[in-house]
Amino acid sequence: MHETKGNGTNPRLDLESVLSRLSNCFMIVDRNLQTINCSVAGLRILGLSSIADLPNGAPGSCVAVSHRNMFQQAILSAFDVHSRDETLPITVLLELPDGRSKLAECVLAPLTNPQGEIDTILISFQDMSALESAENKLDQANSILKSILTTIPDAMVVIDEAGLISSFSTTAEKMFGYEQAEIIGQNVEILMPEPYKAAHDGYMKRYFQTGEKRIIGIGRTVVGCRKDGTTFPLQLEVGEAKIGEERYFTGFIIDLTEKNQTEAELQSLQADLAHASRLSAVGTLASALAHEINQPLTAISNYLSAARDMMDEDLAENREFFREALAESVSESLRAGTIVRRLREFVSRGEINRRVLSIAQVVEDATVLGTIGAQERGVEFSINIAPDTNHVFVDRVQIQQVMVNLMRNAIEAMADSAEKKLHIGVTSVDDERVEIAVSDTGSGIDPELGEHIFDPFASTKGDGMGLGLSICRTIIESHGGTIHAEPNPESGTIFRITLEKAEEEPNNDQ
């Protein structure tokens with residue numbers, strides 16, 4: 001034993017204290033390859049009560065015969081001053097006195113005395129069985145994940161907190177046109193067209209800051225972008241998982257192209273049937289309208305003819321009859337107007353399923369449908385929704401019908417434009433109203449039409465019936481809102497819709 005100067009403490013007692021606190025197996029071996037000390041945890045791991053129970057007192061007796069020579073050579077090398085810097089960890093198989101076997105990583109650390117001589121070696125044994133088991137389980141999990149990515153029918157994309165893709169299923173490869181090797185590590189925004197691409201990182205940042213879920217666990221219809229630049233509608237379901245301190249997001253994706261095409265064909269068929277029905281209804285209504293209006297028109301004609309004849313006679317004598325004829329003409333005119341108004345109300349009356357909805361979600365969902373194929377036509381699309389726009393009390397389908405109609409009209413109006421820009425803006429007008437603005441850089445509206453573009457049968461298209469904007473106005477006004485058009489300073493047209501705001505309902509299913 002060596003005593004230190006100054007405080008007189010015994011280093012062997014300090015060593016005993018250290019070894020009693022270590023959680024792994026540590027041994028101290030002298031030049032005779034005899035164990036002179038062992039950590040308490042080491043004795044427990046080896047299944048020994050004391051060093052005396054170690055066969056021959058040598059740590060090598062616990063090493064399997066096949067690994068024993070390598071182990072002893074490593075110890076002898078560790079005692080060599082010139083080679084100790086080259087000592088590396090070795091892996092040995094331990095065969096314990098109780099019959100157990102453990103694979104362990106062995107590290108040799110030479111200990112020098114005050115003269116700089118190596119007289120003992122500190123040996124640590126790190127059990128690798130648990131590590132090996134964990135690695136096997138990890139390999140198994142990776143194998144299962146690979147199988148899932150290969151066979152899952154829906155496209156699956158996994159991203160980390162930075163938005164980088166860490167897994168990409170075989171179906172996703174076919175859907176987006178990317179090979180897994182080229183997409184792993186890329187930001188997921190590569191799978192989105194503008195303006196969603198530029199906004200995605202902001203969406204994730206907002207979620208991390210607020211915890212508000214707008215798509216996680218809810219699902220949304222959005223737009224995807226293939227490797228060749230084409231866009232398509234898709235249904236996206238997102239789940240969140242936390243591994244340690246890191247979060248991952250798994251997206252399950254369904255291509256809605258075929259579904260939308262089927263729905264479009266069905267809608268086209270229904271439109272044809274509805275058109276035929278309308279033509280039949282128009283004929284019936286025209287007959288009824290002619291019958292109903294014929295009476296007041298005939299009366300007006302008779303009264304005015306009588307008034308004209310009275311003007312050729314003495315008006316002084318016929319003044320009262322003349323006044324009565326004019327009064328009856330006015331009355332019959334009002335009657336004709338009432339008939340037309342009631343008929344119009346009857347035709348336009350319909351069911352409205354209004355609910356409190358997020359205006360942002362209503363608008364975003366509508367843009368998915370309204371802008372399909374716009375990018376292929378060279379249209380530059382952008383959207384900006386102010387954060388204070390909140391909620392509205394509307395019929396989702398009807399408001400989206402209005403927006404899709406306006407966006408489709410805008411895209412058609414820009415067919416021959418050198419610059420094609422479609423912008424959707426949602427802002428608060430005041431505390432009571434929200435405004436949706438749909439602007440384009442198309443050919444604009446004929447000044448002669450002006451606000452008459454919302455009248456039935458007033459069309460800017462050569463083959464149009466002029467009912468689309470009329471229906472839009474009917475829908476918006478039935479919601480207590482307004483719609484009007486104005487010239488776009490950048491050329492084209494801006495349609496502005498105002499709707500009344502509403503308070504968010506608790507537990508509202510959006």
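These legends walk through several close-up views of one predicted protein model.

In this predicted model, local features need pLDDT of at least 70 and side-chain atom pairs count only at pLDDT 80 or more, while totals for chains, interfaces and linings use all residues. Residues are numbered from 1 along each chain as its sequence is written, and side-chain values use heavy atoms, with hydrogens and water left out.

**View 1. The whole protein.** Let's start with the overall picture. The protein holds 12 helices and 17 strands; these are DSSP runs numbered from the N terminus, with helices (H or I) of at least four residues and strands (E) of at least two. Of its 510 residues, 35% are buried, where buried means under 20% relative accessible area, exposed means over 50% and partly exposed lies in between (1.4 Å probe, protein chains only).

**View 2. Phe71 and Phe125, a tilted aromatic pair.** Rings of Phe, Tyr and Trp (its six-membered ring) pair if their centres lie within 6.5 Å; planes under 30 degrees apart count as stacked, over 60 as edge-to-face and the rest as tilted. That rule gives 6 aromatic pairs. In one of them, the ring centres of Phe71 and Phe125 are 6.1 Å apart and the planes meet at 35°, so this pair is tilted. Because Phe71 sits in helix α3 (residues 65–78) and Phe125 in strand β5 (residues 118–127), the pair ties together parts 54 residues apart in sequence. Phe71 is buried, at 0% relative accessible area, and Phe125 is buried too, at 7%.

**View 3. Tyr207 and Phe249, an edge-to-face pair.** Here the ring centres of Tyr207 and Phe249 are 6.2 Å apart, with 75° between the planes. Tyr207 belongs to helix α7 (residues 196–210) and Phe249 to strand β10 (residues 246–255), so the pair links parts 42 residues apart in sequence. Both Tyr207 and Phe249 are buried.

**View 4. The largest nonpolar core.** A nonpolar core is a set of buried Ala, Val, Leu, Ile, Met, Phe, Trp, Tyr and Cys residues joined through side-chain atoms within 4.5 Å. The largest one has 60 residues, and those with the most contacts inside it include Phe168, Phe176 and Ile436. Helix α11 (residues 396–413) gives the most to this core, with 7 residues. Phe168 and Phe176 also form one aromatic cluster with Phe232.

**View 5. Around Ile436, and a second core.** Contact means heavy atoms within 4.5 Å. Leaving aside neighbours within four places in sequence, Ile436 is in contact with residues including Ile359, Met403, Phe495 and Leu499. A second, separate core of 26 residues includes Cys25, Phe79, Leu96 and Phe125.
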